Amino acid sequence: MDRMVCRTEVVDGLLTKICWRCAPPNAAPPTTPPSGGRAVLYLHGFPDLSIVPSSGAFASRFSRKLCEAVLSRQAVDGGAVLFACFNASGLPGSDSVVPFKDKLLSREVEEVVTVAQWLRGPGAGAREVHVVGISTGAILAACVRDRPEITSVATIAGLLDVVSGADLDFDVEQRAAFDSLGYCMKEFWVPDIPAPVSPPRARLQLHPTRRFTVLEPCDSEPAAPVPAIFLGTWSPLPPESTKSQTSTKVALQLGRQYYDDMRALPLLRAVQEGFAPLLVVHGDADRAVPVQCGHALHEAAREPKRLEVVRKANHLFTSTAHMKKVSGVVSDWVAHHWRLELLESGQVQEPKPTKKKSVHKNQNK
C-alpha cells in the first residue's frame, strides 16, 4: 500500500510543505518528490495558517483532508501528484522578514506566484500548478488567475467585492482602531507556545472594551504597544492528530496598511482577464461570507468557469459530509484539467468507442 511522504522547507522566507505518495511502504521514502506531474497549492484563510512550524504537521483539518483527497487521485489518474501549502508572511515560520503587524495581501499574492514558480522549478519539478484557496486564501487564488504560472484556480468561500470583504474581516471596533491608532488587535491562534510572547516583566490587565486579557510591559519607561494579547489555549487539530499539539489564542497588532491594501486588490481585473479555468465553491449556509458572494464572483469571471454550491455547508465546511464533498469536487476538478492538458499534448489518447456487436437471429429455425 502507498504511503504519504511530506517535506518542509523554507522557500524565499516562507515555511512550505509538500506531500506526495510513494510505494512500497517498506522502502526508504524518497527525499525528493516525483517530477513532471501536477501540484495543488493550497492557500489558507486569515487569521489562520497551514503548517505547525515546530512539527511540520498540518495546522487544520481542512488542509489535511484536501491533501488526502488530492493524493488519492494518483492511483486513479496516474502521473505524479503533489500537494503543497505554505504559511503566508508574518505568520509563525514565515515571519523572519515580515512581522505580523506589517502584513499585506498584495505581498501574499506575489508569494503565491513565488511558491508556484518554485513548484515548477527544480525544487519540485511540477508541470502544472493548480491553486486552491479558502476564505482569504480564495481572494489570493482569484488574484492570480491571470498569472502564467497558474494552471487552474479553485476558490472556496470566496468573494468578488474586496471592499465589503475587508469589512467582513474587521468589525466596527477594529476599524475604529485603524482610524485612531493606525492598527487594530487581530485575534489569532498561535501554535505550540505554552505562554504568549511578552516582555520579561509584564502585568495582566483587563482590556476595557474587549473580553480578553492584555499583556502590557511594566517597565518605568513609557510603554510601547505590546503586539500580543493572551486569550487562552485549545487543541485545533483533529483527534487523529498528535494530541500534544496545542495553540494559544492571542491578539496581535496589525497595521492599517493591511486593511487599505486589501480594499485595493485587483481581484476583479484578474478574474475578468485571466484565462485559467476557475472553480467557485461556496456553502449556502455560510454566515461569514454569504453564498451571494460566490455567485457574484462566478458571474463576473470570464469563461472557463464553474460554480458548485454545497447545500447546508458553512464557511469552513466543518461537517464531515461537506468536507468530503468539497475535497472531492476540488480533486476531481484538478484531475479533469490534468487530463485535458495530456490530451492536448498528445500524451494520452481518448479511448475509442467500442462497437456493439449486432445480434443476428438464426434464420434456419
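Me: Are Y42 and F83 buried or exposed?
Reply: Both Y42 and F83 are buried, where buried means under 20% relative accessible area, exposed over 50% and partly exposed in between, with a 1.4 Å probe and protein chains only. This is a predicted model, in which local features need pLDDT of at least 70 and side-chain atom pairs count only at pLDDT 80 or more, while totals for chains, interfaces and linings use all residues. Residues are numbered from 1 along each chain as its sequence is written, and side-chain values use heavy atoms, with hydrogens and water left out.

Me: How many aromatic pairs are there?
Reply: Rings of Phe, Tyr and Trp (its six-membered ring) pair if their centres lie within 6.5 Å; planes under 30 degrees apart count as stacked, over 60 as edge-to-face and the rest as tilted. By this rule there are nine aromatic pairs. Y42 and F83 form a stacked one, with 6.4 Å centre to centre and 25° between the planes.

Me: Where in the chain do those two come from?
Reply: Y42 belongs to strand β3 (residues 38–43) and F83 to strand β4 (residues 81–86), so that the pair links distant parts of the chain, 41 residues apart. Helices (H or I, at least four residues) and strands (E, at least two) are DSSP runs, numbered from the N terminus.

Me: What about F170 and Y259?
Reply: F170 and Y259 form an edge-to-face pair, at 6.0 Å centre to centre with 85° between the planes. F170 lies in the loop between α5 (162–169) and α6 (172–181) and Y259 in helix α7 (residues 256–263), so the pair ties together parts 89 residues apart in sequence. F170 is buried at a relative accessible area of 1%, and Y259 counts as buried at 8%.

Me: Which cluster includes them?
Reply: F46, F100, F170, F178, Y258 and Y259 form one aromatic cluster.

Me: Which charged residue sits over F170?
Reply: The charged end of K186 does, 4.6 Å from the centre of the F170 ring. The criterion is NZ of Lys or CZ of Arg within 6 Å of the ring centre and within 35 degrees of the ring normal. R302 likewise lies over the face of F275, at 4.1 Å from the ring centre.

Me: Changing topic, what is the strand order of the open sheet?
Reply: The eight strands follow the order β1-β2-β4-β3-β5-β6-β12-β13, with mixed pairing. Two strands pair if DSSP finds at least two bridges between them.

Me: Which strands stand at the edges?
Reply: β1 (3–11) and β13 (305–310) do, each with a single partner strand, so one side of each has no neighbour in the sheet. β1 and strand β2 (residues 14–22) run antiparallel and are joined by nine bridges; M4 stands opposite R21 in β2.

Me: And how does β5 pair?
Reply: β3 and β5 pair in the parallel sense over six bridges, and L43 has G133 in β5 as its bridge partner. Five bridges join β5 to β6, again in the parallel sense, with V132 opposite A154 in β6.

Me: Why is β5 described as largely enclosed?
Reply: Seven of the seven residues of β5 are buried, so the rest of the structure largely encloses this strand. On one side these are E128, H130, V132 and I134, and on the other V129, V131 and G133.

Me: Which residues touch the most other members of the largest nonpolar core?
Reply: L41, L119, V131 and L267 do, in a core of 65 residues. Such a core is a set of buried Ala, Val, Leu, Ile, Met, Phe, Trp, Tyr and Cys residues joined through side-chain atoms within 4.5 Å. Its largest share, eight residues, comes from α3.

Me: What does V131 contact?
Reply: Leaving aside neighbours within four places in sequence, V131 is in contact (heavy atoms within 4.5 Å) with residues including L41, L43, V112 and A154. Apart from that core lies another, of 29 residues, among them L15, F83, M323 and W333.

Me: Finally, what share of the protein is buried?
Reply: Buried residues make up 50% of the 365 residues. The protein has 10 helices and 13 strands.
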